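Reader: I've got a model open on my screen and I'd like to learn how to read it piece by piece. Could you walk me through it?

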Amino acid sequence: MASARRRPAARPAGRSRAREAYARVFGALRDHSRLFSEAIPLIASENIPSPAVREALLSDFGNRYAEGWPGERVYAGCEHIDRVEVECMGLARRLFRAGFADVRPTSGVVANLAIYSAFSDPGDVMIAPSIPAGGHISHGKREHAGTAGLVHGLDIEFYPFDADEMAIDVDATKKKVRALKAARRLPKIAMLGGSLFLFPHPVAELSGFFRSRKVHVNYDAAHVAGLIAGGKFQDPLREGADTMTLSTHKTLFGPQGGLVLGSKSHAEAIKRAVFPGLTSSHHIHHMAAKAVAFAEAIEFGRKYAAQVVSNARRLAEELSSQGLRVLGERRGFTESHQVAVDVWDHADGGAVERALERANIIVNRQLIPGDIRAGRNYMKPGGIRLGVSEVTRLGMRGGEMAEIARLIRSVIVDGADAARTRRAARELRKGHQRARYCFEGRRGAYDYVRLR
């Protein structure tokens, strides 16, 4: 008797939906690359890596673990990883003239947590900039879900701030710290640096004061690391900071990641905090890409940093001349990669952010001094923050800054048609599609790389 004919196996339920989702993900990735190839990217915390950095990120290092320190790994198979990590640390020390570098933190926030863990205990006091005065959420209070308070349990005090000068008030800070000491709440850590960061912080003016009271001084260089490396901002480790933390992907044009720098005397405390305290795998492909970016910064960083600062000042001046209220006017608007604009006379910062995005100009809303007292919040703040790191990496200079200022004014003040402004943004971007200030830049900065 002939056997019954078999029916084809039923397709597993959900396969077609999974395939559709799979396609949608890759469609969104391609659309994102297209958007940024046609937009004017002015997010101060973003940059584009070189093709070489992107190649390192695609390597098999991203599939491996290398827990511990080079030569002391928990896993086998780390021979070549160790070679790269030793190279990476050496490049970081050279770039920032530091005695010690830990390249393992996976972000600037993790780098800050390493400092909190190494040099303070939960319940200790830290003094830091408030967010409207430029501080980062990783410096913030528990009630604001700030990393320092929520994760490490630090009690946060804020620096007195001079909004006209956009600067920490040195004399008022000393007075406040003396009062905190009298109240038996002397800070264990003094955090300088931040997120809205137009001018150098008073490291030289305050470091001796803090050190004489055994307060550990850390400088968060997440935003300005590339400018420091390029000799165009300030030099915190020479000005008296004990340690410096940073992100590797803002003005320093590497992959997303973190770095902790200090002297050899800080090494063991930091190493222990980073591993096993805060990391297991430290995203080894990102570590390799950091090494590439550090080499690029040593080779090209001074020219890049000089152009960034020049572009930021030109953009600020042009915006001011167009009638917008640019902060820091009394000090020349900016000495960094950032420009801060009070837009409240036109709309809240969130509405302005959305209007500019519709015009292919990518910025972020920003709390500015006075917002909290006025009852504003981060969703509807008084300002926007602009950064020129990425457009500078694309080769833009003063003439393009003037054109960008004109487009921004047309949106904020004139309510220009978004479609018309998008066309102008695309036209401006046509000649600026490759990363500059790097060893190899033949591939487009926003090229979508297909491996499938």
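Reader: Let's start with Val449: in which segment does it lie?

Author: Val449 lies in the segment after helix H15 (418–429). Helices here are DSSP runs of H or I with at least four residues, strands are runs of E with at least two, and both are numbered from the N terminus. Keep in mind that this is a predicted model, where local features need pLDDT of at least 70 and side-chain atom pairs count only at pLDDT 80 or more, while totals for chains, interfaces and linings use all residues. Residues are numbered from 1 along each chain as its sequence is written, and side-chain values use heavy atoms, with hydrogens and water left out.

Reader: What does Val449 count as at 32% relative accessibility?

Author: The rule first: buried means under 20% relative accessible area, exposed means over 50%, and partly exposed is in between (1.4 Å probe, protein chains only). Val449, at 32%, counts as partly exposed.

Reader: And which residues form a nonpolar patch with Val449 on the surface?

Author: Patches take residues with over 30% relative accessible area and no salt bridge, joining like charges within 9 Å and nonpolar side chains (Val, Leu, Ile, Met, Phe, Trp, Tyr) within 5 Å. Here Val449 is grouped with Leu58 and Leu451, and together they have about 310 Å² of accessible area. That area comes from the Shrake-Rupley method with a 1.4 Å probe, and for residues only the protein chains shown count as cover.

Reader: On to cysteines. How many disulfides does a search of the whole structure find?

Author: A disulfide is a covalent bond between the sulfur atoms of two cysteines. The test is a pair of cysteine sulfur atoms within 2.5 Å. Searching the whole structure gives zero disulfides. Take Cys88: its nearest cysteine sulfur, in Cys78, is 15 Å away. Cys88 is also buried, at 0% relative accessibility.

Reader: Now charges. How many salt bridges does the count come to?

Author: Side chains of opposite charge can pair when their charged atoms come close. The rule asks for a side-chain nitrogen of Lys or Arg within 4 Å of a carboxyl oxygen of Asp or Glu. By that rule there are 24 salt bridges. One of them joins Arg34 and Asp31, at 2.8 Å from N to O. These two are three residues apart in helix H1 (residues 15–38), so about one helical turn separates them. Arg34 is partly exposed at 44%, and Asp31 is partly exposed at 43%.

Reader: Which residue forms a salt bridge with Glu157?

Author: Arg185 does, with the closest N and O atoms 2.7 Å apart. Glu157 sits in strand S4 (residues 155–158) and Arg185 in the loop between helix H6 (170–182) and strand S7 (189–193), so the pair ties together parts 28 residues apart in sequence. Glu157 is buried at 18%, whereas Arg185 is partly exposed at 26%. Shared partners join Asp155, Glu157, Lys176 and Arg185 into one salt-bridge network.

Reader: You mentioned S7. Which strands does it pair with?

Author: Two strands pair if DSSP finds at least two bridges between them. Strand S3 (residues 125–128) runs parallel to S7, with two bridges, and in that pairing Ile127 has Ala190 as its partner. S7 also pairs in the parallel sense with strand S8 (residues 216–220), over five bridges. There, Ala190 stands opposite Val217.

Reader: What kind of unit do S7, helix H7 and S8 make?

Author: A right-handed β-α-β unit, with H7 covering residues 203–211. Right-handed here means that, with the strands pointing away from the viewer, the path from the first strand over the helix to the second runs clockwise.

Reader: Last one: in what order do the four strands of the open sheet come?

Author: The order is S11-S12-S15-S14, with antiparallel pairing. Strands S11 (325–326) and S14 (364–366) stand at the edges with a single partner strand each, so one side of each has no neighbour in the sheet. Strand S12 (residues 338–342) is joined to strand S15 (residues 383–387) by five bridges, and Gln338 has Gly387 as its bridge partner in S15.
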